[in-house]
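Ready for a few exercises in reading a fold from its sheets, helices and loops? Have a look at the model first, then try each task before reading its solution.

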Amino acid sequence: MSFIEIKNLKKIYNANKSIEVEALKSINLIIEKGDFCSIVGVSGSGKSTLLYILGCIDKQTEGTYLLEGKNVSKMSENELAQIRNKKIGFVLQDFGLIEEETVIENVRVPILFCKDKNLIRNFRNKAEKLLKDLGIENLKDKKVNLLSGGQRQRVAIARALINDPELILADEPTGSLDTNTAQNIMNIFKELNKSGKTIIIVTHNMELAKYYLMQMKRLYHCRTFASHSHLPLMLDDRVPEERETAMQIGALMLDLCEVLIICGSCISEGMRREIQTAFEKGKDVYWYDSKMKPGELMKVENWRSIDDEVQIYT
C-alpha cells in the first residue's frame, strides 16, 4: 500500500459557468513513505491546488485521493482536521506567522488544536530542541516581525514539525529568499527527508529544481504530469513559455538520469530527439499514458517504436 495514491484527479473551479477553470486534469500520482518530491511548474499550472488537496485543505472535483489506503473524500471534517494536525506539516511561501507573537508562541500554534496531552505537557522542551536544531534557539523569545526572511522560514519549519508529522508540504518555501538562504532552507528539508519524513515541495524556481533533480538520478519527463514518480514535473512543452524550460530540464537530466519516462499521448520533435539520445547513451526508456493503471509502465525497446505509441508534433 502506497503512502499517497491519486487516481484520475480533477479540480474544476466555477463548474458549468462561463468562467469555468480546469486547474487539474486527470492527475495520477503515487508517493511512497520517505520520498522527497518536487512539483515544478509555471504560475497558474495548478501546483498549489494539488498541494492543498494533498494537505486535506481542499477537495478534488473528480477522482480519488488515498492517504495510507484511506479515501480522503469520504472522511468527515473532524477526521480531516485530525489528519492535518497529526500527520501533515505545512510550510508556506509567506511563512504564515503571527507577526506580533514571539517565535516560541508561533511554534505553539498547532499545539492549540492538539489532543495529545504528552505533547502539550512537553511542548517547551520539544520546541526549544527544534529551534536549536534549526539554529535559531537564541531567538525563541523574539517577535517574528523583527526576524529576517531566512529566520522566519526556520520558525515556519519548526512550527510544521512540532507535532512530528509524517508528511511535510511546502508551497514555494524559498520563493521570497535570496539564493544562499534558499539553498540552506532546502538543505534543511533534505536532512528532514533523511530522517524519514516524506516531503513534497512546490516551486517554480527551475534553478532550485535542477539542483535537487541531481539528487534523484531519475527523469520523469512528462506532457502534463508524471505518474508513479519521485519527481513529478508539471511541464507542458506544447505551451510556448514552458517549452524551453522543459527542454532545458530534459537536456540536463539526460546525463544524470538512469531512467527516462515519457508521459502522455503526444510529444514534441525535440523530445523525440531526447529519446533517441537516451537510447544512444544506454538509458532505459519507458512510456506511460493516463489510460494505464498508476505505476504501470511500458518499456520502449527501440526509440523509433515510440512513433507507434504517441503523436509527434512540431
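The exercises below concern a predicted model, and each one comes with a worked solution.

**Exercise 1. Work out the strand order of the antiparallel sheet and find which strands stand at its edges.**

Solution. 
- Step 1: Begin with β1 (residues 4–13) and look for a partner. Strand β2 (residues 21–31) is joined to β1 by 7 bridges, and the two run antiparallel.
- Step 2: Check this pairing at individual residues. Tyr13 has Val21 of β2 as its bridge partner, and Glu5 stands opposite Ile30 in β2.
- Step 3: Now look for another partner of β1. Strand β4 (residues 62–67) is joined to β1 by 5 bridges, again in an antiparallel arrangement. Here Ile6 has Tyr65 of β4 as its bridge partner.
- Step 4: The edge strands are β2 and β5 (70–71), each of which pairs on one side only.

**Exercise 2. Describe the parallel sheet: its order, its edges and the helix that lies across it.**

Solution. 
- Step 1: Start with one pair. β6 and β7 run parallel and are joined by 5 bridges; within this pair, Leu92 stands opposite Asp171 in β7.
- Step 2: Extend to the whole sheet. Its order is β3-β8-β7-β6, an open sheet of 4 strands with parallel pairing.
- Step 3: Read off the edges. β3 (36–40) and β6 each have a single partner strand, so one side of each is left without a neighbour in the sheet.
- Step 4: Place the helix. α7 lies across β3, β6, β7 and β8 (198–203), and runs at about 155° to β8.

**Exercise 3. Is helix α6 largely enclosed or left open by the rest of the structure, and what does it pack against?**

Solution. 
- Step 1: α6 (residues 149–161) has 13 residues and spans 19 Å from its first C-alpha to its last, close to the 18 Å expected.
- Step 2: Apply the cut-off for burial, which is under 20% relative accessible area. The buried residues of α6 include Gly150, Arg152, Val155, Ile157 and Leu161.
- Step 3: Draw the conclusion. Because 11 of the 13 residues of α6 are buried, the helix is largely enclosed by the rest of the structure.
- Step 4: Name the surroundings. The buried residues of α6 pack against β6 (88–92), α3 (103–108), α5 (123–133), β7 (167–171) and α7 (179–194).

**Exercise 4. Where are Glu68 and Asp164 located, and what is the phi of each?**

Solution. 
- Step 1: Recall the background. Most residues other than glycine have a negative phi.
- Step 2: Take Glu68. Although Glu68 is not a glycine, its phi is positive, about 55°. Glu68 is found in the loop between β4 and β5.
- Step 3: Take Asp164. Its phi is also a positive value, near 55°, and Asp164 sits in the loop between α6 and β7.
- Step 4: Check the exposure of Asp164. With a relative accessible area of 47%, Asp164 is partly exposed.

Methods:
Residues are numbered from 1 along each chain as its sequence is written. This is a predicted model: local features need pLDDT of at least 70, side-chain atom pairs count only at pLDDT 80 or more; totals for chains, interfaces and linings use all residues. Side-chain values use heavy atoms; hydrogens and water are left out. The expected span of a helix is 1.5 Å times one less than its number of residues. Buried means under 20% relative accessible area, exposed over 50%, partly exposed in between (1.4 Å probe, protein chains only). Contact means heavy atoms within 4.5 Å. Two strands pair if DSSP finds at least two bridges between them. Axes are lines fitted to C-alpha atoms, for helices over the stretch in contact, and angles run from 0 to 180 degrees between N-to-C directions.
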